[in-house]
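Have the coordinates open while reading.

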Amino acid sequence: EIVPGDEIVVMNEAAEDLYDIITEHEHQKQKIQQMERLIERWRDILNDGLQNEYTVEQLREEMNEKGNVIETNTTIEAWSSGARYGPRKKEDVRRVLEIIQPGSEELTDQIYQAMEYIRTLHQRIGMRVKRLIEAEVNPSREATFESGIGSELNNIEDKIDIKTVSNVEHS
């Protein structure tokens, strides 16, 4: 419950901007770029199959015949568009390769590991953003960031505001 005297952090777009800055910085690293290329290769195979051989519905049905449980086309569409990095199950990564480009299944482990690494990286970035914002509004907290993004963080500070609650109306 909010009461007069409580402080509220108003971030506007600060958290989103900070997340974007750190993500962009991380994605410039060679290791991340190599993983992104693996994911893009898998997505290219998927999209090639969807453009030339299968509809999304046909691919979903064939994957389900082979043991998958994909209930809607939306899942495959999200993989195809890049809205999601790809399947959360390694078996789904393998099945796409097996169905669309037989013989390429040996790439499954590498591609799946890249997808998992990027997902985990983005989760860690989200946690770093939280810590950085907490450190900004609470000087007793400490947060570190890599060199190269410090100057961009100064702009973020201007978007964070602390307001003190003066009145609470109950309806």
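This is a predicted model: local features need pLDDT of at least 70, side-chain atom pairs count only at pLDDT 80 or more; totals for chains, interfaces and linings use all residues.

The protein chain contains seven helices and two strands. Of its 171 residues, 36% count as buried.

**Overall make-up**

- Read from the N terminus, the elements of the protein chain run β-α-α-α-α-α-α-α-β.
- Take the contacts between residues at least 6 apart in sequence: 71% of them join residues at least 24 apart.

**H3 against H5**

- The crossing of H3 and H5 is right-handed.
- H3 contributes Leu-59, Glu-62 and Met-63 to the contact. H5 contributes Asp-92, Arg-95, Val-96, Ile-99 and Ile-100.
- By class, the contact of H3 with H5 has five nonpolar and three charged residues, with no polar ones.

**H3 against H4**

- The crossing of H3 and H4 is right-handed.
- On the H3 side, the residues are Val-56, Glu-57, Leu-59, Arg-60 and Met-63. They meet Asn-73, Ile-76, Glu-77 and Trp-79 in H4.
- The contact of H3 with H4 divides into five nonpolar, one polar and three charged residues.
- Leu-59 and Met-63 of H3 take part in the contact with H4 and also in the contact with H5.

**H2 against H4**

- H2 passes H4 in a left-handed crossing.
- H2 supplies Trp-42, Arg-43, Leu-46, Asn-47 and Leu-50. H4 supplies Ile-76, Trp-79, Ser-80 and Ser-81.
- The contact of H2 with H4 holds five nonpolar residues, three polar ones and one charged one.
- Ile-76 and Trp-79 of H4 meet residues of H2 and also residues of H3.

**The aromatic pair**

- The structure holds one aromatic pair. Trp-42 and Trp-79 form this pair.
- The geometry is edge-to-face, at 5.9 Å centre to centre and 65° between the planes.
- Trp-42 lies in helix H2 (residues 30-52) and Trp-79 in helix H4 (residues 73-81), so the pair ties together parts that are 37 residues apart in sequence.
- Trp-42 has 0% relative accessibility, so Trp-42 counts as buried.
- Trp-79 has 3% relative accessibility, so Trp-79 counts as buried too.
- Both tryptophans, Trp-42 and Trp-79, also belong to the contact of H2 with H4.

Notes: Residues are numbered from 1 along each chain as its sequence is written. Side-chain values use heavy atoms; hydrogens and water are left out. A crossing is left-handed if the near helix is turned anticlockwise from the far one by less than a right angle, and right-handed if clockwise. Helices (H or I, at least four residues) and strands (E, at least two) are DSSP runs, numbered from the N terminus. Contact means heavy atoms within 4.5 Å. Ala, Val, Leu, Ile, Met, Phe, Trp, Tyr, Cys and Pro count as nonpolar, Asp, Glu, Lys and Arg as charged, and the others, Gly among them, as polar. Rings of Phe, Tyr and Trp (its six-membered ring) pair if their centres lie within 6.5 Å; planes under 30 degrees apart count as stacked, over 60 as edge-to-face and the rest as tilted. Buried means under 20% relative accessible area, exposed over 50%, partly exposed in between (1.4 Å probe, protein chains only).
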